[in-house]
Amino acid sequence: MNLYYYASPSTFYPLAGKLIPLFSALAFILAVVGLYISFFVAPTDFQQGEGYRIIFIHVPAAWMSMFIYVVMAFWSAIGLAWNTRLSFIMARALAPTGAMFTFVALWTGAFWGKPMWGAWWVWDARLTSELILFFLYVGVMALQAAIDDPRRSDRAGALLNLVGVINVPIIYFSVKWWNTLHQGSSVSLTRAPSMAHIMLWAMLVMALAAWMYAIAVALVRARSLVLERERQTDWVRALLEGKP
Amino acid sequence: MLKFFFTVIRRDVLLAARRRGDWLTAQFFFVMVVSMFPLGVGPEPTMLRTIGPGVVWVAALLASLLSLDRLFADDYRDGTLEQMLLSPYPTSLLTLGKAIAHWIINGIPLLVIAPVLGIQFNLPNEALWMLVLSLAIGTPILSLLGSIGAALTLGLRGGGVLVTLLILPLYVPALIFGAGAVEGILSGTGSEAQLSLLGAFLMMSLLLAPWVSAMALRVSVE
């Protein structure tokens with residue numbers, strides 16, 4: 001099978017239409033299973049009590065926030081290198097989901113931090129770099145929104161995305177050193193006891209659910225972007241007229 | 001090729017010298033922002049000394065951002081930029097020249113003003129020197145990374161605010177290492193590490209930023 005076959009918007013559109021229900025169903029089932037394990041099967045943590053269950057949302061969201069930024073950079077690089085319209089559409093479709101996961105990670109982190117550390121926010125290296133990652137997402141989306149011409153908007157966003165991806169590790173380490181050089185780390189995020197297996201499983205299932213959800217939502221967004229961009233073409237016209 | 005490079009720098013510096021009003025605005029912005037902080041947090045000398053390096057550095061970031069939206073915009077409006085892009089020389093040389101000119105116009109004056117502002121914040125002598133040194137290594141980074149933002153937002157409505165949104169997160173390492181170097185002097189832990197890292201970041205920006213900025217310029221102008 002030729003993979004490039006689906007790189008054209010007209011073939012991608014029906015494929016995405018078929019994949020969306022599949023990924024949505026997977027996301028739903030995995031989320032139900034994951035939530036069941038995290039709330040009813042996983043034991044209460046002997047140090048942190050029930051409050052630790054926030055990590056079943058928090059950790060998958062944080063993973064996805066970083067992963068999606070890298071995936072966006074991947075599509076941006078492909079788009080810039082081979083000039084494929086669909087890669088830019090995928091990069092653009094992923095951005096709001098990534099920003100959402102970053103926000104969820106920060107928000108649930110604050111909820112977890114309050115009972116555990118006694119503070120909603122500390123300038124820990126991971127928290128700070130997650131916050132800056134959120135700013136990077138906002139920057140890419142703001143730039144894409146400010147440019148009306150889709151071609152320029154795609155390319156500008158992709159370039160910024162790539163610059164951001166080079167910078168993310170630098171920012172992470174700079175913040176880490178800043179933190180350790182400034183003051184002795186007051187709170188450590190690395191929990192000392194190794195996690196119970198069942199907790200790890202719950203987290204992995206939830207991460208998979210988040211992953212499937214991200215794919216489904218990105219495909220929905222990509223589909224509407226395709227329709228918007230290709231509205232003057234014959235196949236979109238035929239598609240729209242074919243429907244009652 | 002070198003001649004082209006120096007012509008770009010010379011031209012921009014000359015243009016700035018002929019329009020002193022624009023140029024002074026950014027410098028006074030820097031002075032005023034820094035001077036607002038003691039009014040806001042109170043005149044306690046030990047506290048001013050702790051926040052001093054950070055405040056001067058943040059103000060330097062903002063001042064450099066303030067002048068960025070004019071980096072390419074004036075040339076873009078009167079068509080000069082397109083002519084420059086049509087020239088046979090690599091575009092990255094143009095963006096590098098522009099960034100260096102921006103540093104000469106906006107970065108070097110900051111180095112001269114910063115020690116005076118440092119005195120306001122009760123910084124000791126060695127810390128003042130370190131502030132100048134860290135700004136000398138750090139402000140070229142601001143101009144180089146900023147040129148990417150200026151090229152990306154060329155000719156957009158609300159370009160000035162947008163540049164801030166795009167570029168400030170990228171400035172974070174420069175801010176941390178720059179202010180950290182001065183902090184190191186104040187707390188006696190030394191500042192070689194931060195200066196080396198700042199220098200490494202400068203080298204990386206010098207290598208990549210003109211190139212990315214040239215690509216961004218091509219995207220924006222085409």
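**Two chains in contact: questions and answers**

Chain B has nine helices and zero strands. Helices (H or I, at least four residues) and strands (E, at least two) are DSSP runs, numbered from the N terminus. This is a predicted model, in which local features need pLDDT of at least 70, side-chain atom pairs count only at pLDDT 80 or more, and totals for chains, interfaces and linings use all residues. Residues are numbered from 1 along each chain as its sequence is written, while chains are lettered from A and ligands numbered from 1 in the order in which they are written.

User: What is the radius of gyration of chain B, and why does chain B count as compact as a globular protein of its length?
Analyst: The radius is taken over C-alpha atoms, and the globule rule is 2.2 Å times the number of residues to the power 0.38. For 222 residues the rule gives 17 Å, and the value for chain B is close to that, so chain B is as compact as a globular protein of that length. The radius of gyration is 18 Å.

User: What percentage of the residues in chain B is buried?
Analyst: A residue is buried if 20 or more other C-beta atoms lie within 10 Å of its own, exposed if 12 or fewer, and partly exposed in between, with C-beta atoms placed from the backbone. Chain B has 222 residues, and the buried share is 49%.

User: Which helix gives the largest share of the side of chain A that touches chain B?
Analyst: Two residues are in contact if their C-beta atoms, placed from the backbone, lie within 7 Å. The contact takes 22 residues from chain A and 19 residues from chain B. On the chain A side, helix H4 (125-146) and helix H5 (150-182) each supply at least two residues. The largest share, 13 residues, comes from H5(A).

User: How many residues on the side of chain A that touches chain B are nonpolar?
Analyst: Ala, Val, Leu, Ile, Met, Phe, Trp, Tyr, Cys and Pro count as nonpolar, Asp, Glu, Lys and Arg as charged, and the others, Gly among them, as polar. Three residues of this side are polar and two are charged. The nonpolar ones number 17.

User: Which residues touch the most other members of the largest nonpolar core?
Analyst: A nonpolar core is a set of buried Ala, Val, Leu, Ile, Met, Phe, Trp, Tyr and Cys residues joined through C-beta atoms within 7 Å. The largest one has 134 residues. Leaving aside neighbours within four places in sequence, A:Leu159 is in contact with residues including B:Leu152 and B:Ala216. The residues asked for are A:Leu159 and B:Ala216.

User: Where does H1(A) bend?
Analyst: The bend at a residue is the angle between axes fitted to the seven residues ending there and the seven starting there. In H1(A) the bend is about 25°, and a proline, A:Pro21, follows within four residues. The bend is at A:Leu19.

User: Is A:Leu19 buried, partly exposed or exposed?
Analyst: A:Leu19 lies in helix H1 of chain A. Its C-alpha atom is 9.3 Å from that of A:Ile215, 196 residues apart along the chain. Because A:Leu19 has 15 C-beta neighbours inside 10 Å, it counts as partly exposed.

User: What is the phi of A:Asn83?
Analyst: Most residues other than glycine have a negative phi. A:Asn83 is in the loop between H2 and H3 of chain A. With 11 C-beta neighbours inside 10 Å, A:Asn83 counts as exposed. Its phi is positive, near 60°.
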